[in-house]
Amino acid sequence: MDHFTAAGTSSTPPVRTGPRDPGDAWVEGGRGRFWGRFGAAGVLAFDPAKGVLLQHRAIWSHNGGTWGLPGGALHQHEDPVTGALREANEEAAVPADGVDVLFTSVLDLDYWAYTTVVVLVREPFDPVISDPESIELQWVPVAGVENKELHPGFAAAWPGLRERLPSRPGA
């Protein structure tokens, strides 16, 4: 399943070929430095039978080695839901046509924003690592998420996101 383990575990980012999107840049302000000139977004995929899909982030990435959500920088004029679904498909093969958006949660710092798009998996799928940004993709039971070493931003958001997930015994 892991086609990019060597790149994902390396401390050196992969060589990028081809044009970069104008949104692929750092933004700095009073609360820190964040990736995504136009903001960023990620998908919290919830499958009541499996839990939530987490991405073990490549060592070379910002807060590398931690667990978070598939996502990334938004393109110029791209809405956060579209961008989150695009990024989650690129990084983990999350099928936009097999999920339903439940809600969004926005961290807005005035100069940068991150949108978490929470989706309910309607058609089960196996995630696939399709770029070097992941060490591993894993379905994690809701009760086990906090047992992972979480990306600091996701760790801060998780309690509020968890409260809003649909109730299901054992999920």
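Leaving out residues up to four places away in sequence, His151 touches Arg57, His62, Asn63, Thr66, Trp67 and Gly68, where contact means heavy atoms within 4.5 Å. The model is predicted, with local features needing pLDDT of at least 70, side-chain atom pairs counting only at pLDDT 80 or more, and totals for chains, interfaces and linings using all residues. Residues are numbered from 1 along each chain as its sequence is written, and side-chain values use heavy atoms, with hydrogens and water left out.

**His151**
- His151 counts as buried at 17% relative accessibility (buried is under 20% relative accessible area, exposed over 50%, partly exposed in between, with a 1.4 Å probe and protein chains only).
- The side chain of His151 reaches the backbone nitrogen of Gly153 at 3.0 Å.

**Aromatic rings**
- There are six aromatic pairs, counting rings of Phe, Tyr and Trp (its six-membered ring) whose centres lie within 6.5 Å, with planes under 30 degrees apart called stacked, over 60 edge-to-face and the rest tilted.
- Phe34 and Tyr111 have ring centres 6.3 Å apart and planes at 50°, so the pair is tilted; Phe34 is buried at 19% relative accessibility, whereas Tyr111 is partly exposed at 26%.
- Phe125 and Trp139 form an edge-to-face pair, 5.4 Å centre to centre with 65° between the planes; Phe125 is buried at 8% and Trp139 at 17%.

Definitions and conventions: A polar contact is a pair of N or O atoms within 3.5 Å; within protein, one must be able to donate a hydrogen and the other to accept it, and residues adjacent in sequence count only if both atoms are side-chain atoms.
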